[in-house]
Amino acid sequence: MARSRGNQGRSKGAKGTPKGSPQGSAKESPRSGRASREPVVRDVDGGLAELIPDRDRPSGWTLLLDGAPQSHVDLADPAHLSFEYQRRIGHVLDLAADPGRPVQAVHLGGGAFTLARYVAATRPRSTQQVVERDGPLVQLVRGELPLDAGARIRVRTADAREALAKLPDDWADVLVADVFSGARTPAHLTTTEFLGEVRRVLRPTGTYVANAADGPPLAYLRAQIATAAAVFPELALIADPAVLRGKRFGNAILVASGLPLPVADLTRRAAGDPHAGRVEHGRALLDFAGGAAPVTDAAAKASPAPPPSVFR
């Protein structure tokens, strides 16, 4: 789940971040919320996990895996989204239903449960399922950055696609895919067969939103647009204009639904972000895909690895 604070490739939180004390030697738990917090470092299935205190927010923490920023959480203000890709997904979540209305949500990829916490804070009484394959990471986050006891969030340790197959038809109002193994989205989560399962689990009015990361020549992103277009009639893409022009590696948020999307509202919100994003949709988005073919299980590949400079 390699990401940066702000845009992918502008790692404001990662550059110069202290790598922490020796494993298990943190003087205070993140739950204390005091100014003298120190990093917490643990080995997990995905590598070396670090919880780094946010020097600007007394109750804020950044999760890194092998030095790559994964998630940011503010325990006192779970509606605060620090990373730019999370803010863009937050816009989609805000517009997925009437303001404040509870939803049923699935989150494939857990990290620090940032987006599940956001939904719980902005849509109380929502029912949510989080799927995260890395069991030791789940234990670390639940122990050090505990979920609100009143939040209706169930966390399952499982492969995302296997867990998705066990969910009932027409269950979710929104499904978020934010799954990275290291810095790459696994191949089996990039295909029409996978998205067919997503659409089965979504209600007819539901919304799918996925975090994708790519760089020039954007072959992976174009193929993901074509793949989603083979399953969903309505698509939109939110990204930094420099990413869409193929100028640098970065995040792009793919949104899909069986019904028309709130493109005007998404455009307005993305443009108002600290780093303004652009929304592509309709014919322009299909033209951007450039005739790419949908990805199937038989030919799937993981998303490209980011260049080493992304997290420097």
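Biologist: Which residues in α6 meet which ones in α9?

Modeller: From α6, Leu221, Arg222, Ile225 and Ala229. They meet Leu285, Leu286, Phe288 and Ala289 in α9. Keep in mind that this is a predicted model.

Biologist: At what angle do helix α6 and helix α9 pack?

Modeller: About 130°, with the axes 8 Å apart. Helix α6 covers residues 219-229, and helix α9 covers residues 282-289. That angle makes α6 oblique to α9.

Biologist: And is the crossing of α6 and α9 left-handed or right-handed?

Modeller: The crossing of α6 and α9 is left-handed.

Biologist: Now α1 and α2. How do they pack?

Modeller: Helix α1 (residues 84-95) packs on helix α2 (residues 114-122) at about 35°. Their axes lie 11 Å apart. Here α1 passes α2 in a right-handed crossing.

Biologist: Which residues make the contact of α1 and α2?

Modeller: α1 brings Gln86, Ile89, Gly90, Leu93 and Asp94. α2 brings Thr114, Leu115, Tyr118 and Val119. By class, the contact of α1 with α2 has 5 nonpolar residues, 3 polar and 1 charged.

Biologist: Let's zoom out. How many helices and strands does the protein have?

Modeller: The protein has 9 helices and 12 strands. Of its 312 residues, 56% are buried. Take the contacts between residues at least 6 apart in sequence: 69% of them join residues at least 24 apart.

Biologist: On to the sheets. What is the strand order in the open sheet of 4 strands?

Modeller: The order is β1-β2-β3-β4, with antiparallel pairing.

Biologist: Which strands stand at the edges there?

Modeller: β1 and β4 (68-74). Each has a single partner strand, so one side of each has no neighbour in the sheet. The twist in this sheet averages 20° from one strand to the next.

Biologist: Walk me through the pairings. How many bridges join β1 to β2?

Modeller: 5 bridges join strand β1 (residues 40-44) to β2, and the two run antiparallel. Arg42 stands opposite Ala49 in β2. The hairpin from β1 to β2 goes through 2 residues.

Biologist: And β2 with β3, over how many bridges?

Modeller: β2 pairs with strand β3 (residues 60-65) over 5 bridges, again in the antiparallel sense. Ile52 has Thr62 in β3 as its bridge partner. The hairpin that joins β2 to β3 has 6 residues.

Biologist: What about β3 and β4?

Modeller: β3 and β4 pair over 6 bridges, in the antiparallel sense. Trp61 has Val73 in β4 as its bridge partner.

Biologist: Why is β2 largely enclosed by the rest of the structure?

Modeller: Because 6 of the 7 residues of strand β2 (residues 47-53) are buried.

Biologist: Which helix lies across β1, β2 and β3?

Modeller: Helix α3 (residues 135-144). α3 runs at about 155° to β1.

Biologist: Next, the open sheet of 8 strands. What order?

Modeller: β7-β6-β5-β8-β9-β11-β10-β12. The pairing in this sheet is mixed.

Biologist: Which strands are at the edges of that one?

Modeller: β7 (153-156) and β12 (278-281). Each has a single partner strand, so one side of each is left without a neighbour in the sheet. On average, neighbouring strands in this sheet are turned by 15° against each other, direction ignored.

Biologist: Do β6 and β7 run parallel or antiparallel?

Modeller: Parallel, with 4 bridges joining strand β6 (residues 127-131) to β7. Gln129 has Arg154 in β7 as its bridge partner.

Biologist: Last one: which strands does helix α5 lie across?

Modeller: Helix α5 (residues 192-201) lies across β5 (104-108), β8 (172-177) and β9 (202-214). α5 runs at about 145° to β9.

Biologist: Which residues in α5 are buried, and what does their cover include?

Modeller: Thr192, Phe194, Leu195, Val198 and Val201 are buried in α5. Their cover includes β5, α4 (160-165), β8, β9 and α6.

Key
Residues are numbered from 1 along each chain as its sequence is written. This is a predicted model: local features need pLDDT of at least 70, side-chain atom pairs count only at pLDDT 80 or more; totals for chains, interfaces and linings use all residues. Side-chain values use heavy atoms; hydrogens and water are left out. Two strands pair if DSSP finds at least two bridges between them. Axes are lines fitted to C-alpha atoms, for helices over the stretch in contact, and angles run from 0 to 180 degrees between N-to-C directions. Contact means heavy atoms within 4.5 Å. Angles under 35 degrees count as roughly parallel, over 145 as roughly antiparallel, 65 to 115 as roughly perpendicular and the rest as oblique. A crossing is left-handed if the near helix is turned anticlockwise from the far one by less than a right angle, and right-handed if clockwise. Buried means under 20% relative accessible area, exposed over 50%, partly exposed in between (1.4 Å probe, protein chains only). Ala, Val, Leu, Ile, Met, Phe, Trp, Tyr, Cys and Pro count as nonpolar, Asp, Glu, Lys and Arg as charged, and the others, Gly among them, as polar.
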